[in-house]
Amino acid sequence: MAIERRPMREQVIDELLERLGTGRFTPGETINEVQLAEDLGVSRTPLREALISLEREGIIVSERGRGFRFVPTSAAQLRDLTEVIVALECLALRLSDREHLTRIAPELLERAREFSAPQAQHGAIERYDVQWHAFLLSGCRNTRLTELIDSLKLSLHRYERAVVGDQDIMARSAEEHERIAQCLLDGDAEGAAAALETNWTSGMQRIIERMPS
């Protein structure tokens, strides 16, 4: 695992989610901490910190005497999670400073258009989406709300990785982001909130369509 200038716990979390999303872990299998720490090239401390963080997000569970294991994914779980995030993001958007939204709308639109361009890298889809939504909600002063949204999104990463590499899906997501930004440019905050809800709902459906039946 490459070492970056970020807390080791965060790097381990990203690596575990990446491996889970790409099928290198089987949902339900028990995690061998000693072997995994050696494989990642880290000590047991940051690995256990990462596992505890993922347990809080409902991605793994711990059982007395059996250690940690990954929770199986399901369409029902994804729907429940998406419904909560939609409600919270729309609330954060409605609580955002209107003047701030007007100022950032042109850049939101530009970023969305850049991502739909042919040169957009498939591997950047998750990072782009996280950064775009964070910028959209950057005018919300309720930090507890935005922290809760960020925490819940962690559980979505293993689902979102299922669509990485699909250029058509990337383009559709970018178009939906353009629609949100255009509403803000037009001064239509409620229209932007409706478009945001559509973006999340459509994204959820795209992932469910790619999940094994």
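Helix α4 (residues 75–95) and helix α7 (residues 143–160) approach each other in this predicted model, their axes coming within 10 Å and crossing at roughly 150°. The crossing of α4 past α7 is left-handed. In general, two packed helices are described by the angle between their axes and the distance between the axes.

The residues that form this contact can be named on both sides. From α4 come Gln77, Leu78, Leu81, Thr82, Val84, Ile85, Leu88, Glu89, Leu91, Ala92 and Leu95. On the α7 side, their partners are Leu145, Leu148, Ile149, Leu152, Lys153, Ser155, Leu156, Arg158 and Tyr159. Sorted by class, the contact between α4 and α7 comprises 14 nonpolar, three polar and three charged residues.

**Arg158 in α7**

One of the α7 residues that meet α4 is Arg158. Is Arg158 buried or exposed? Its relative accessibility is 7%, so Arg158 counts as buried. Between the C-alpha atoms of Arg158 and Thr73 the distance is 8.6 Å, although the two residues are 85 apart in sequence.

Leu184 belongs to helix α8 (residues 167–185). With a relative accessibility of 5%, Leu184 is buried. Which residues does Leu184 contact, apart from its neighbours within four places in sequence? They are Leu101, Ala105, Leu108, Leu136 and Ala192. The C-alpha atom of Leu184 is also 9.0 Å from that of Arg98, a residue 86 places away along the chain.

Ala189 is buried, at 16% relative accessibility, whereas Thr198, at 39%, is partly exposed. The assignments follow because buried means under 20% relative accessible area and exposed over 50%, with partly exposed in between.

The C-alpha separations of these residues from partners elsewhere in the sequence are listed below.

| Residue pair | Separation along the chain | C-alpha distance |
|---|---|---|
| Arg158 and Thr73 | 85 residues | 8.6 Å |
| Ala189 and Ser96 | 93 residues | 9.8 Å |
| Leu184 and Arg98 | 86 residues | 9.0 Å |
| Thr198 and Arg179 | 19 residues | 10.0 Å |

**Cysteines**

Cys140 is buried, its relative accessible area being 8%. Cys183 is likewise buried, with a relative accessible area of 16%. How many disulfides does the model contain? The count comes to zero, where a disulfide is taken as a pair of cysteine sulfur atoms within 2.5 Å.

**The chain as a whole**

The protein chain has nine helices and two strands. Along the sequence these elements follow the pattern α-α-α-β-β-α-α-α-α-α-α. Of the 213 residues in the chain, 46% are buried. Among contacts between residues at least 6 apart in sequence, 74% join residues at least 24 apart.

**Confidence**

The mean pLDDT of the protein chain is 85, and 85% of its residues reach 70 or more. Where in the chain is confidence lowest, and where is it highest? Helix α1 (residues 8–21) has the lowest confidence, at a mean of 82, and α4 the highest, at 95. Where pLDDT is low, the predicted coordinates should not be read in detail.

Definitions and conventions: Residues are numbered from 1 along each chain as its sequence is written. This is a predicted model: local features need pLDDT of at least 70, side-chain atom pairs count only at pLDDT 80 or more; totals for chains, interfaces and linings use all residues. Side-chain values use heavy atoms; hydrogens and water are left out. Buried means under 20% relative accessible area, exposed over 50%, partly exposed in between (1.4 Å probe, protein chains only). Axes are lines fitted to C-alpha atoms, for helices over the stretch in contact, and angles run from 0 to 180 degrees between N-to-C directions. Helices (H or I, at least four residues) and strands (E, at least two) are DSSP runs, numbered from the N terminus. A crossing is left-handed if the near helix is turned anticlockwise from the far one by less than a right angle, and right-handed if clockwise. Contact means heavy atoms within 4.5 Å. Ala, Val, Leu, Ile, Met, Phe, Trp, Tyr, Cys and Pro count as nonpolar, Asp, Glu, Lys and Arg as charged, and the others, Gly among them, as polar. pLDDT is the predictor's confidence in each residue, from 0 to 100.
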